[in-house]
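Please look at the sequence and the model shown here. The paragraphs that follow go through the fold in stages.

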Amino acid sequence: MSDGAKHSLLSPSSSHRWIECPPSARLTENYQDTRSGYAAEGTQAHSIAESKLRHRLGQSNPLYKCFDIEMDEHTDDYIAFVTEQLEGLTDPKVYVEQKVDCSLWVPECSGTCDALIISDGVLHIIDLKYGRGVKVDAEGNNQLRIYALGALEMFGFLYPIHTVRMSIFQPRLQNCSTWEVTRADIEKWAEEVLKPAAELAWYGNGDYKAGDHCQFCKAKAECRERAKANMALAAYDFIEPVLLETNEIASILGKIDKLVSWASDIKDFALTEALKGVKFDGWKVVEGRSNRKYTDEAAVAEAVKVIGLDPYEHKVLGVTAMTTLLGKKRFEETIGGLIEKPQGKPVLVPEADKRQEINITTAADDFADPIEN
Ligand code: SF4
């Protein structure tokens with residue numbers, strides 16, 4: 001799924017940020033776009049997926065050849081997921097890479113739905129996300145809701161739609177998430193939340209508000225509101241007694257990730273600026289540590305062979321590299337039985353985390369340091 005106008009001020013993909021912090025849209029509109037190689041990879045995966053889906057649906061389209069085994073398999077999985085959604089539906093209407101206009105609620109806003117299915121009063125939007133960075137949940141996802149509104153505007157008068165289902169398929173993280181709401185609910189959200197936030201954002205009004213959404217903001221390193229919020233987090237009120245109570249530690253734990261992420265954004269930003277010539281009082285740019293390396297690997301190997309020694313180390317590929325080499329299916333057939341997943345080390349996470357809590361009594365034994373003999 002992609003946003004129609006790549007540089008539109010209020011894009012659906014950034015809506016989580018500008019709904020939470022409306023003035024961030026105008027604040028960052030002139031920042032440089034730093035699209036990464038990952039974005040190009042995502043675009044390629046979407047083209048392959050589109051080609052395969054059109055082919056599967058019998059729409060006249062030549063099938064792209066995909067030479068990237070991993071991408072080939074992941075896009076196959078996506079096609080299988082979409083196909084599964086069609087099973088048992090009455091005369092489903094399927095639209096691939098369907099452009100939708102969302103400007104009724106958000107100025108100059110449009111987008112493209114990867115797959116859109118309409119049947120039995122249900123509008124189902126499926127979004128392929130090829131990234132492997134952050135797991136994205138369909139529940140409460142503003143981007144999907146905005147696309148759904150565009151689709152309702154386009155098809156709502158043609159078909160009697162009463163339910164909107166939204167799915168995110170994120171194959172590289174084995175994440176597949178679906179959320180369903182009534183049409184009335186989504187239209188209520190559009191009127192009460194989306195439209196007012198879009199209006200504030202469009203005119204650069206509203207209040208700055210820091211939160212998780214800051215991680216996708218181009219001003220995240222320099223933003224004063226975010227700095228204030230983080231400095232407030234850091235200013236812990238150390239009261240008697242001398243040792244912290246467990247409830248105080250719990251409160252600090254909840255703030256650490258945000259502080260670390262903010263601190264790291266500030267460091268990255270400051271280095272970038274310093275390299276442009278900006279001077280920060282009391283700081284200087286120096287050469288970082290580096291390791292020795294060969295200037296010519298082939299020549300090194302040759303020289304070592306000449307003296308009768310083997311210059312190479314022979315190692316079996318790691319699981320990820322081996323999966324890429326063999327492809328998922330062949331990997332399972334050939335060495336699937338030789339794979340084990342060791343128990344992970346205990347980590348402390350917020351209660352909202354979806355993983356099941358481990359049994360502390362047995363875990364303490366499992367992870368205790370071996371006793372020295
Ligand atoms: S960093 Fe956060 S608070 Fe600051 S403008 Fe961006 S979204 Fe708003």
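Is Glu-273 buried or exposed? The residue is buried, because its relative accessible area is 17% and buried means under 20% relative accessible area, exposed over 50% and partly exposed in between, with a 1.4 Å probe and protein chains only. Glu-273 belongs to helix 8. Leaving aside residues up to four places away in sequence, Glu-273 touches Val-278 and Phe-280, where contact means heavy atoms within 4.5 Å.

The model is predicted: local features need pLDDT of at least 70, side-chain atom pairs count only at pLDDT 80 or more, and totals for chains, interfaces and linings use all residues. Residues are numbered from 1 along each chain as its sequence is written, and side-chain values use heavy atoms, with hydrogens and water left out.

Now the overall picture. The protein has twelve helices and six strands; helices (H or I, at least four residues) and strands (E, at least two) are DSSP runs, numbered from the N terminus. Its C-alpha atoms fill a box of roughly 75 × 60 × 55 Å along the principal axes. Of the 373 residues, 32% are buried. Taking contacts between residues at least 6 apart in sequence, 65% join residues at least 24 apart. The protein exposes about 25100 Å², of which carbon and sulfur atoms supply 54%; these accessible areas come from the Shrake-Rupley method with a 1.4 Å probe, and for residues only the protein chains shown count as cover.

The domain assignment gives domain 1 (2-202), domain 2 (220-275) and domain 3 (297-338); such bounds come from an automatic or database assignment. Between the C-alpha centres of domain 1 and domain 3 there are 40 Å.

Strand 3 (residues 110-119) is largely enclosed by the rest of the structure, because nine of its ten residues are buried. On one side, strand 2 (residues 93-101) runs antiparallel to strand 3 and is joined to it by eight bridges; two strands pair if DSSP finds at least two bridges between them. In this pairing, Val-94 stands opposite Ile-117 of strand 3. Strand 3 also pairs with strand 4 (residues 122-128), again in the antiparallel sense, over five bridges. There the bridge partner of Ile-117 is His-124. Strand 3 and strand 4 form a hairpin with two residues between them, and Asp-120 in the turn has a positive phi of about 50°.

Ser-167 counts as buried because its relative accessibility is 0%. Glu-187 is 20 residues from Ser-167 in sequence, with 18 Å between their C-alpha atoms.

Helix 5 (residues 142-155) has 14 residues and reaches 20 Å from its first C-alpha to its last, close to the 20 Å expected at 1.5 Å a residue; the expected span is 1.5 Å times one less than the number of residues. Twelve of the 14 residues are buried, so helix 5 is largely enclosed by the rest of the structure.

Helix 8 (residues 246-275) has 30 residues, which should span 44 Å at 1.5 Å a residue; the end C-alpha atoms are 43 Å apart, in agreement. Helix 8 bends by about 35° at Lys-255, the bend being the angle between axes fitted to the seven residues ending there and the seven starting there. Its buried residues are Glu-248, Trp-262, Asp-265, Glu-273 and Ala-274, and they pack against helix 7 (224-234). Just after helix 8, Gly-277 takes a positive phi of about 110°.

The last stop is Thr-323, in helix 10 (residues 319-326). Thr-323 is partly exposed, because its relative accessible area is 22%. Thr-323 touches Lys-328 and Phe-331, not counting residues up to four places away in sequence. Ile-69 is 254 residues from Thr-323 in sequence, yet their C-alpha atoms are 9.1 Å apart in space.
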